[in-house]
Amino acid sequence: MLRHLRLVLGATLIITGCATLMSENRNAYRVSEVDASLTDLRASVTAVLPDGLRLMSSNGRELVSRHFVMVNDRPQPAADALDRYFAQVTILGDRRPYDLEILVSHERRVLRDDRFVYVIVDYSTRLARDLETKIRQELTKRREERNVIDDFRVF
């Protein structure tokens, strides 16, 4: 009985540890304590994602951009490029201030078996920092454009 309990407890600790490690990406650029509402954060991130929003998680906290390429330091649609990027922004925390995790992945098209697939070859912290700057600028713009009377909700 005691041995069985230890086995169950050990398995629980291992599974919990793996889930904790998987929730945080070492290659992501982290932004701590962003003091904005979840709605404002989501709208700001959506507005500045390179080439627009491709998908959003069901809870609205993971936003992924369309694939893009950098041409003259400006994002352009990737189409069938050999090298392409995509950005993923995750809003972390259950209340304000939120943390952001920004990950810009670099993919390359390679031949596997008899077809071409894209594989992640690297991560770009420079593009992630640029995206963080744009998100902060967009949040500042949104604060200036707010109308206290129109935005006020009784309940």
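These are my notebook entries on a predicted model of one protein chain.

**Ground rules.** I count residues from 1 along each chain as its sequence is written, and I use heavy atoms for side-chain values, leaving out hydrogens and water. Since I am reading a predicted model, local features need pLDDT of at least 70 and side-chain atom pairs count only at pLDDT 80 or more, while totals for chains, interfaces and linings use all residues.

**Overview.** I looked up the elements and found 4 helices and 8 strands; these are DSSP runs numbered from the N terminus, with helices being H or I of at least four residues and strands E of at least two. Reading along the sequence, I noted the pattern α-β-α-β-β-β-β-β-β-β-α-α. Of the 155 residues, 30% count as buried (under 20% relative accessible area; exposed is over 50%, partly exposed in between, with a 1.4 Å probe and protein chains only). I also checked contacts (heavy atoms within 4.5 Å): among those between residues at least 6 apart in sequence, 51% join residues at least 24 apart.

I followed β4 (residues 68-71) into β5 (residues 74-77), and they pair in the antiparallel sense over 4 bridges; pairing asks for at least two DSSP bridges between two strands. Met70 has Pro75 of β5 as its bridge partner. The hairpin has 2 residues between the strands, and there Asn72 takes a positive phi near 55°.

**The second largest pocket.** I met Met70 and Pro75 again here. The second largest pocket holds about 210 Å³ of space. Of its 14 lining residues, Met70, Pro75, Leu127, Asp130 and Lys134 are the closest to the centre. For the record, a pocket is found on a 1 Å grid over the protein atoms alone, as an open set of points where a 1.4 Å probe fits, with protein on both sides within 12 Å along at least five of seven lines; lining residues have an atom within 4 Å of a point. Grid points are joined across faces, edges and corners, and the volume is the space filled by probe spheres set on them. Helix α3 (125-144) and β4 each supply at least two lining residues, and α3 gives the largest share, 5 residues. I sorted the lining into 9 nonpolar, no polar and 5 charged (nonpolar: Ala, Val, Leu, Ile, Met, Phe, Trp, Tyr, Cys and Pro; charged: Asp, Glu, Lys and Arg; polar: the others, Gly among them).

**Glu138.** I stayed in helix α3, where Glu138 is found. Is Glu138 buried or exposed? Glu138 is buried, because its relative accessible area is 14%. Beyond residues up to four places away in sequence, Glu138 touches Ser44, Ala47 and Val48.

**Arg66.** I found Arg66 in the loop between β3 (62-65) and β4. Arg66 has a relative accessible area of 43%, so I put it down as partly exposed. Pro50 is 16 residues apart from Arg66 in sequence, with 7.1 Å between their C-alpha atoms. Leaving aside residues up to four places away in sequence, Arg66 touches several residues, including Pro50, Asp51, Tyr85 and Phe86. A polar atom of the Arg66 side chain lies 3.2 Å from the backbone oxygen of Asp51.

I noted Ala79 in the loop between β5 and β6, with a positive phi of about 55° although it is not a glycine. Ala79 counts as exposed because its relative accessibility is 66%. Asp113, in the loop between β7 and β8 (115-123), has a positive phi near 60°. Asp113 is exposed, with a relative accessible area of 79%. Lastly, Pro97 sits in the loop between β6 (83-92) and β7 (98-112), and the peptide bond from Arg96 to Pro97 is cis, with omega near -10°.

Methods
Polar contact = N/O pair within 3.5 Å; in protein donor to acceptor, adjacent residues only side chain to side chain.
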